[in-house]
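Please read the points below with the sequence and the model side by side. They take up strand pairing, the nonpolar core, aromatic rings and charged side chains in turn.

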Amino acid sequence: MKKVLILSLLVLLSGCTKTVEQKYMCVVTLQTELSDGRVPVSITVDPTLPGNQFYNLNTGMNYNLPTLVNNTGLMEVQKGVYMVAFDGDALFSDGRHATVRFTQWGTPSTAINLMEDSQVITLKLIVVK
């Protein structure tokens with residue numbers, strides 16, 4: 001009888017533990033800085049151009065970058081190690097356009113770790129033309 005009571009108590013106690021929920025996704029806030037100090041109204045990245053990538057080295061998945069409005073964009077990606085490189089079209093408030101480039105994390109050896117539930121990353125862009 002004592003063994004049945006102890007066993008029943010152990011079963012009840014094991015059911016009271018909290019399950020740990022693992023989050024596999026990272027919400028990434030992209031912030032941009034232009035080398036010449038200008039602030040674009042928007043930056044659009046064409047995902048079909050070769051070399052434009054937000055590429056997860058762990059899964060092989062390439063994410064499309066969002067349109068960045070007022071130097072900020074938001075995206076949700078699976079946690080992992082990412083190569084990030086792109087050319088984008090920046091539109092300024094005076095109507096002018098410029099091509100901007102980001103290459104800081106463009107190779108496996110310079111890739112960025114996105115392992116938190118949310119992260120803010122700064123993309124330091126150069127103006128190409």
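**Notes on the predicted model**

1. Ile-43 has Leu-68, in β4, as its bridge partner. Strands here are DSSP runs of E with at least two residues, numbered from the N terminus. β2 and strand β4 (residues 68–69) pair in the antiparallel sense over two bridges; two strands pair if DSSP finds at least two bridges between them. β2 also pairs with β6, again in the antiparallel sense, over four bridges. In that pairing, Val-45 stands opposite Gly-88 of β6.

2. On the source: this is a predicted model, in which local features need pLDDT of at least 70 and side-chain atom pairs count only at pLDDT 80 or more, while totals for chains, interfaces and linings use all residues. Residues are numbered from 1 along each chain as its sequence is written, and side-chain values use heavy atoms, with hydrogens and water left out.

3. The largest nonpolar core has 26 residues, of which Leu-30, Phe-54, Val-77, Leu-114 and Ile-121 touch the most other members. Such a core is a set of buried Ala, Val, Leu, Ile, Met, Phe, Trp, Tyr and Cys residues joined through side-chain atoms within 4.5 Å. Buried means under 20% relative accessible area, exposed over 50%, and partly exposed in between (1.4 Å probe, protein chains only). Val-77 touches, among others, Phe-54, Tyr-63, Tyr-82 and Leu-114, not counting residues up to four places away in sequence; contact means heavy atoms within 4.5 Å.

4. The structure holds four aromatic pairs. Rings of Phe, Tyr and Trp (its six-membered ring) pair if their centres lie within 6.5 Å; planes under 30 degrees apart count as stacked, over 60 as edge-to-face and the rest as tilted. Tyr-63 and Tyr-82 form a tilted pair, at 6.0 Å centre to centre with 50° between the planes. Tyr-63 lies in the loop between β3 (53–56) and β4 and Tyr-82 in strand β6, so the pair ties together parts that are 19 residues apart in sequence. Tyr-63 is buried at 14% relative accessible area, and Tyr-82 is buried at 0%.

5. Which side chain meets Lys-79 in a salt bridge? The partner is Asp-117 (2.7 Å, N to O). Lys-79 lies in the loop between β5 and β6 and Asp-117 in the loop between β8 and β9, so the pair ties together parts that are 38 residues apart in sequence. A salt bridge is a side-chain nitrogen of Lys or Arg within 4 Å of a carboxyl oxygen of Asp or Glu. Asp-117 is partly exposed, at 38% relative accessible area.
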